[in-house]
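I opened the model today to look up how its chains are built and where they meet. These are my notes, in the order I worked.

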Amino acid sequence: MAGTVIGEGLSIEGDLSSEEEVVVQGNLRGKLTTTDAVSVGSSAVIEADVSAQSLTIAGQVTGDVTAAERVDLQAGGRLIGDVKAARLTIADGASFKGNVDMDV
Amino acid sequence: MNGSVIGRGTVVRGNVRGSGSLEILGRVEGDVSVSGELVVGEEGAVRGSVSGTHITCSGAIQGDVRGSEAVLLERGARVVGDLTAPRIGVATGALVKGLVRTDGEPALGTPRRPAVAAARPIAFPARPAAPKVAEPREEVSDSEPPAKEPKAAREAPPPPVVPALAKGAKAKKKKRED
């Protein structure tokens with residue numbers, strides 16, 4: 001099980017920094033930083049810059065996203081913001097608006 | 001499942017609020033307000049006010065704790081702040097520094113009596129006509145003074161006893177010396 005879970009119905013306003021996997025199903029506004037993976041569930045609404053090892057988005061993210069490894073934008077996911085990652089996948093049915101920097 | 005967890009390696013700087021249960025094993029620097037069960041684990045720490053329905057703490061809280069149902073401090077808990085809940089439990093080995101108050105069921109004697117006395121006259125005039133209003137008031141006033149008079153009569157005997165005055169006088173002298 002993930003180290004940190006922000007469940008549906010919970011909202012955080014502020015900085016969240018972690019050294020473990022973070023699963024967000026609720027609301028987060030501020031900043032999200034972790035050295036591990038971040039998973040944004042379909043019910044999640046994030047208004048924050050996100051920095052992680054890897055990032056999976058099935059919900060809504062508004063903010064710049066940085067991943068050391070990869071970013072996966074899944075079907076139904078919605079991302080408005082710039083992406084900086086070595087790898088990026090955007091699934092069919094996902095919404096995305098922003099620049100991509102793949103560190104070429 | 002609607003449970004949220006702030007893990008050991010996680011620090012939140014800001015406010016956390018919402019529905020569902022929450023388990024804090026990491027650190028929160030801000031207010032926490034949850035409409036469900038709240039658990040602060042052994043290594044969990046909160047710096048800010050905490051509220052929830054049923055709060056169980058075995059970690060550290062620096063701020064006021066308010067439980068709408070209960071607040072339980074387990075062994076090893078460190079709380080600096082006021083505790084308020086209808087039910088409060090503090091285990092041996094828990095540290096508390098602050099005001100502890102069980103709110104809800106037991107009311108203090110002073111606020112209750114006026115509330116009851118006020119409720120009677122209001123309730124009576126609503127049912128019968130105006131003249132009858134005077135009766136309950138008389139009854140209340142009759143019942144109260146006699147209750148006080150015997151008390152006063154019982155209390156009266158002690159003052160005449162001379163030693164009481166002598167003791168008071170001595171005490172005053174001691175205080176002045178100090």
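Predicted model: local features only at pLDDT ≥ 70, side-chain atom pairs only at ≥ 80, totals over all residues.

I looked up the secondary structure and found 0 helices and 12 strands in chain A. Read from the N terminus, the order of elements is β-β-β-β-β-β-β-β-β-β-β-β. I then checked the radius of gyration of chain A, which is 12 Å; the globule rule gives 13 Å for 104 residues, so chain A is as compact as a globular protein of that length. Along the principal axes, the C-alpha atoms of chain A fill a box of roughly 35 × 25 × 25 Å. Of the 104 residues in chain A, 41% are buried. I also looked at sequence separation: among contacts in chain A with a separation of 6 or more, 1% are between residues 24 or more positions apart.

**Entry 3, chain B.** Chain B has 3 helices and 15 strands. I find 23% of its 178 residues counted as buried. For contacts in chain B between residues at least 6 apart in sequence, the share that joins residues at least 24 apart is 1%.

**Entry 4, strand pairing inside chain B.** I followed strand 6 of chain B, residues 37-40, to its partners. Strand 3 of chain B, residues 22-24, runs parallel to strand 6 and is joined to it by 3 bridges. In this pair I see Leu22(B) opposite Leu38(B). Strand 6 of chain B also pairs with strand 8, residues 50-57, again in the parallel sense, over 4 bridges. Here Val40(B) stands opposite Cys57(B).

How many residues of chain A are in contact with chain B? I get 20 residues of chain A in contact with 21 residues of chain B. On the chain A side, the elements that give two or more residues are strand 1 (4-6) and strand 2 (10-18). Strand 2 of chain A gives the most, with 9 residues. By class, I list this side of chain A as 5 nonpolar, 10 polar and 5 charged residues.

I then checked which way the strands run where A meets B. Strand 2 of chain A and strand 2 of chain B, residues 10-19, are antiparallel and joined by 9 bridges. As one pair to look at on screen, I noted Leu16(A), whose bridge partner in strand 2 of chain B is Val12(B). For reading side chains along a strand, I keep in mind that in a regular strand they alternate between the two faces of the sheet.

How values were computed. Residues numbered from 1 in each chain as written. Chains lettered and ligands numbered in written order. Contact = placed C-beta atoms within 7 Å. Nonpolar A, V, L, I, M, F, W, Y, C, P; charged D, E, K, R; others polar. Pairing = 2+ DSSP bridges. Buried ≥ 20, exposed ≤ 12 C-beta atoms within 10 Å, placed from the backbone. Rg over C-alpha atoms; globule rule 2.2 N^0.38 Å.
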